[in-house]
Amino acid sequence: MLSIFSELRLALVLSVLLSVNTAVHGAEQPIQMETPSGTISGTLTLPSQRTKVPVVLMIAGSGPTDRDGNTPLVTGKNNSLKLFAEALRDSGVASVRYDKRGIAASAGAARTESEVRFEDFVQDAASWVLKLSQDSRFTGVVVLGHSEGSLIGILASLRSPAKVFVSVAGPADRASEVLRHQLQGRLPPELAADNEALLQALEAGQTVSEVPLSLMSLYRPSVQPYLISWFRYSPSEEIAKLRMPCLLLQGGTDIQVTVVDAERLHAANRKCRLEVLPSMNHVMKTVAADAQKQIASYGDPTLPLDTGLMRALKLFFSSDGVQSALRTPR
């Protein structure tokens, strides 16, 4: 079983066998992705109309988040990605969301921690895009990455036939910088020095055998190869390479990713449209900038999605650039 640490979601898909041809229109249907080491489970949601529609590949983030946007690290469920899929369906757009390898219903497909690399996530998402792009029912694939899934989505879009990219609450810094910032001022001086030395070594591609016990959960030797593979990617640098229609959605009350992150991603690629939703938080709900209300929202499925979310997405989808991209023959 994979050991899972906060933002580090480790996944590998070696091959994809996606059975969507018998899906029922207007309903959710389970999807199983068979791999040599186990099954990865997901959900396909189709609108009621039988005409060709876009399909959105939803990539989860923020810890061991499952396909519905929920995590065992929080009591209760917010169902953010499930609600998102339903809103897309009601707007005439199909979607696929899935449990990453090692998480929820896909837990049995996990490999050992020391074997997994960040690129495995990217290959996973790219394989989904390839399969969906070959399905004649869809006009094209929109990759949508939430939080950590934003960087995965950017890289997968660069390596697949994706037509459009959407980032929701995507960080702008490489993961090592995020971790450095999160721990700044929270460690005693000696431990802070050890932390910085470890980060610098991993950023340089070097593993470290001696790790202080207090930092073992972050930098244990078995997870270091994954960290090295993850730390090499800068979201700001990668998004600059995109040549497809791109939307950046960011909540103004998000306590995990800031508006500054979205602005930096936008500065890196001015062709991306930036939409800041003032009252939206990290799980895409309308929540005030109050610590207790924010925490409560992570486990409250009764809170609806922020009303501005689908409004911004519909406006983006109706733009000439997106319409043209989704009409382009495969």
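**Entry 1: helix H9**

I began with the buried residues of H9, which pack against strand E6 (164–168), helix H8 (235–239), strand E7 (246–251) and strand E8 (273–277). I took contact as heavy atoms within 4.5 Å. Helices (H or I, at least four residues) and strands (E, at least two) are DSSP runs, numbered from the N terminus. The model is predicted: local features need pLDDT of at least 70 and side-chain atom pairs count only at pLDDT 80 or more, while totals for chains, interfaces and linings use all residues. Residues are numbered from 1 along each chain as its sequence is written, and side-chain values use heavy atoms, with hydrogens and water left out.

I then listed the residues of H9 (259–268) that are buried: Asp261, Ala262, Leu265 and His266. Buried means under 20% relative accessible area, exposed over 50%, and partly exposed in between (1.4 Å probe, protein chains only). Viewed down the axis of H9, the buried residues fall within an arc of 135 degrees, so they line one face of the helix. The arc is that of the directions from the helix axis to the C-beta atoms.

**Entry 2: aromatic rings**

I paired rings of Phe, Tyr and Trp (its six-membered ring) if their centres lie within 6.5 Å; planes under 30 degrees apart count as stacked, over 60 as edge-to-face and the rest as tilted. The count is nine aromatic pairs. For Phe118 and Phe121 the ring centres are 6.1 Å apart and the planes at 40 degrees, so the pair is tilted. Both residues lie in helix H2 (residues 118–133), three residues apart, about one turn of the helix. Phe118 and Phe121 are both buried.

I also noted that ring pairs link Phe118, Phe121, Tyr226, Trp230, Phe231 and Tyr233 into a cluster.
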